[in-house]
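Hi everyone, thanks for coming.

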Amino acid sequence: MKAEEIAALLSEKFGAKILESKLDGLNPWSVVEPAEILAVCRFLRDDDSLLMDHLECLAGVDYKDRVEVVYIVYSMKHRHRYTLKCRMPREAPRLHSVESVWGVANWHEREAFDMVGIVFEGHSDLRRILLPDDWEGYPLRKDYKFPTSYRDMPV
Amino acid sequence: MQVEYSGDVMTLNMGPQHPSTHGVLRLELKTDGEVVAEAIPHIGYLHRCFEKHAENIEYPGVVPFTDRMDYCAAMNMELGYVLAVEKLMGIQVNNRVRCIRIIMAELNRIASHLIAAGTYGNDMGSFTPFLWCFRDRETILDIFEETCGARLLYNYNWIGGLMFDVQPGFEKKVIDFIDYFEPQVDNLNTLLSDNFIFIKRTANVGIMSPALALSYGVTGPNLRGSGVKFDVRKDEPYLGYEEIDFEVQVGLGEHGPVGSCWDRYMVRIREVKESCKIIRQAVAKMTPGDVQESIPKRIKPPAGEVYMRTECPRGELGYYIVSDGSLKPYRVKVKSPCFTVMSAFREISRGAMIADIIAILGSVDVVLGEIDR
Amino acid sequence: MESIAQLLQLMPKYDALPALLRASLPMLVSSIVIFALLSLVVLFLVWLERKVSAHMQDRLGPMYVGGWHGWAQTIADAIKLLLKEDIVPESTDRVLFKMAPFIVFLGAFAAFVVIPFGASSIVSDLNIGVLYILAIGSLAVVGIMMAGWASNSKYSLYGGMRSVAQIVSYEIPAAIAIMTVVILVGSLSMQDIVNAQKGGIQNWFLFRNPFTFLAFFVYFIASLAEVNRTPFDIPEAESELVAGYHTEYSGMRFAFFFLAEYANMIVVAGVATTLFLGGWTQVLPGTLAAQLIPGPIMFFLKVMVLIFVQMWLRWSLPRLRVDQLMYLCWKVLLPASFILVVGAGWLAVYWK
């Protein structure tokens, strides 16, 4: 299926919850309202014409005015790919976890939490994965201040 | 993911420093006698903030950093990044660059699989295949050293071309190596892969069903070991792979159920032979040319984003690059195949014995540099 | 040994010594001689293992120490180990920790008392020689358990327990395989067993009848497991438990465990040679070679062949998992050895 068809199918099913789409770049994407992300992901995985059973990438990106979570999903059977984005305000971004849809989201979401500070509700084990558990701050944010010491050791 | 523990559960730590775990990985084992109830991996000991570095360095300068993620297959890591940026900028490279890139990537795939096979035998107690594999790998590293001066971390694939052209006699050296090496794979099979004890230790252990593998985003030899025929080089060919004739090897479950440790290991050995085929075809396709002719004066991609996936020896490597039109990337996210396989480790190792944990860890062939970035 | 007894009688005032001393001094002296010779052989074996493993792995091994192919490598290593700091971890049980290597070492070397190196070259020809060897083999179990427990470390304990389970289980098929030979000879004395194989290679118990042929393999495999060699070296599995029961040992104490392993290799090869390969008897009697090669040299050559096979197995085969090891012992070797001993007994009675 082409990107336009996928976008059309999503708009048909979810209507106004799909806020915006950009289909002419190298990586066509659609923006989904954060509250609906779990339903959209379930639909992507279970619908027969989509069958997106492979979550390729889940990235947290920090823009100046917002924080985004990017989901890149792929279908092994139909061989098509699509990208979803969720935009949230930079203070206290919260999103529902899609761990129940794709098992790999568990670790990807832990990393997004660790690096960008997005809290995923319903996650079974949301704690830092790459940095020590008592680290302060979210490194991949653009306004991250490098710490001068960690546990009384100068950095 | 709660498991019922019976009676005395001892928490054993296979700590970050251990002769067997391939890198600094901490496995927290909750054992009930010899059986492991849970094996929880803890990562992050090798985190070197690649993604943050990439935001502060210009595009060409990020290439050496990509080497250091998966240091056993550095050519492939560079390749993914370089192809992503070229896709973003719309650069087309000439045939010579494409062929050399294919040869280097496949040689590095052979070297990486040799490390995987050798260290796997070493973990199982068979010390001789380790040395045989490394002996053969030395010839590959000599070829790399002659071309770009480095044995392990190359900085060779540049955006739009290559750092150096290959030395004269390169094609002959490569073909000589492939001619010498293909029979050695059969030797290795006789010694290790078809060894009765090795099969007993690995063929019924760490079964990963295709559904579990897909749900956990496992790709590469780990997915193919479970019987799913999926290879990025066939699915979405890049660099001219669509013109090259090779087969995608899958695990067939000859000894034990499909998706066992032995299947994953055997897929790697068979892939090595396929890589030899690919290299021969790439050498035959090589044409003279200038490898640096497509390198732009200033690497300043237009604003936009791209997701490029390539088949690195450990699976599907994905680079998600967001560009804001400046000289430095805005965001580089690396989807590393070992990261996804490690997330599935807890599921496939439930109920195994301690010795089996080693077998499973060796068969998924993780490199911590790639997981932690 | 009579020759040593005769030598001692030449000493002045020898007859004035008390009777007990006169009876035991020859044995003491010959034990010391055997011990010294065997220590040298053990040092040689360590070097040989490094060379054999190196050539199997397509490399060279020790080349520099002492000149020709690094023959002095083991001596250099032994000196290094002697000079190391003697670390006894604080939370260990000091008495047991210090005693354990000696008991393991004792269990290995004490078996040499009854192994016949030549027609009259045996320290003491016990008429229960075979039984003595089986008993001494169990002594090492005590030492290993002490080492594993006294080290006060989870890993050492695991290693010690695994090793004990392995040795104790594999003693049974080994003993029953030995019984097949004892039934055919009718005596437990080692010299009697060797003398029953006189007359050339066709008289070896290995080739005399199918039951002892298979018993050789059962004994060889079971004794490999008793001495903790790969493929049965789970207790020392480097990649899994660091080093098992001797993780906490360093310096000379570690050297004792190490030397005991090699001495055990010689014991296993020596007992297998004596029981199945004809001991010190000539391979082809009546030929020139038979007149030139004395008994002990013949014995040594046969033992070296078996030791080479042990090394070959170590460097080619992977390791068995603990439960597979136990399965092999209890469900494969034990029934096989039962069948063999019954068959040997039937042969001995009906085929006289």
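**Who touches whom**

Chains A and C don't touch, with their nearest C-alpha atoms 26 Å apart; by contact I mean two residues whose C-beta atoms, placed from the backbone, lie within 7 Å. Quick housekeeping: this is a predicted model, where local features need pLDDT of at least 70 and side-chain atom pairs count only at pLDDT 80 or more, while totals for chains, interfaces and linings use all residues. Residues are numbered from 1 along each chain as its sequence is written, with chains lettered from A and ligands numbered from 1 in the order in which they are written.

Two pairs of chains do touch, and A and B make the most contacts. There, 29 residues of chain B meet 25 residues of chain A. On the chain B side, the elements giving two or more residues include helix H1 (50-56), helix H3 (74-89) and helix H12 (337-348). Strand S6(B) gives the largest share, four residues. Helices here are DSSP runs of H or I, at least four residues, and strands are runs of E, at least two, numbered from the N terminus.

Now over to chain A, and helix H3, residues 105-116. Is H3(A) buried or exposed? Twelve of its twelve residues are buried, so H3(A) is largely enclosed by the rest of the structure. Buried means 20 or more other C-beta atoms, placed from the backbone, within 10 Å of a residue's own. The cover includes strands S3 (54-62), S4 (67-74) and S7 (119-121) of chain A, together with H12 of chain B. Just after H3(A), Gly117(A) takes a positive phi of about 90°.

Note on methods:
The expected span of a helix is 1.5 Å times one less than its number of residues.
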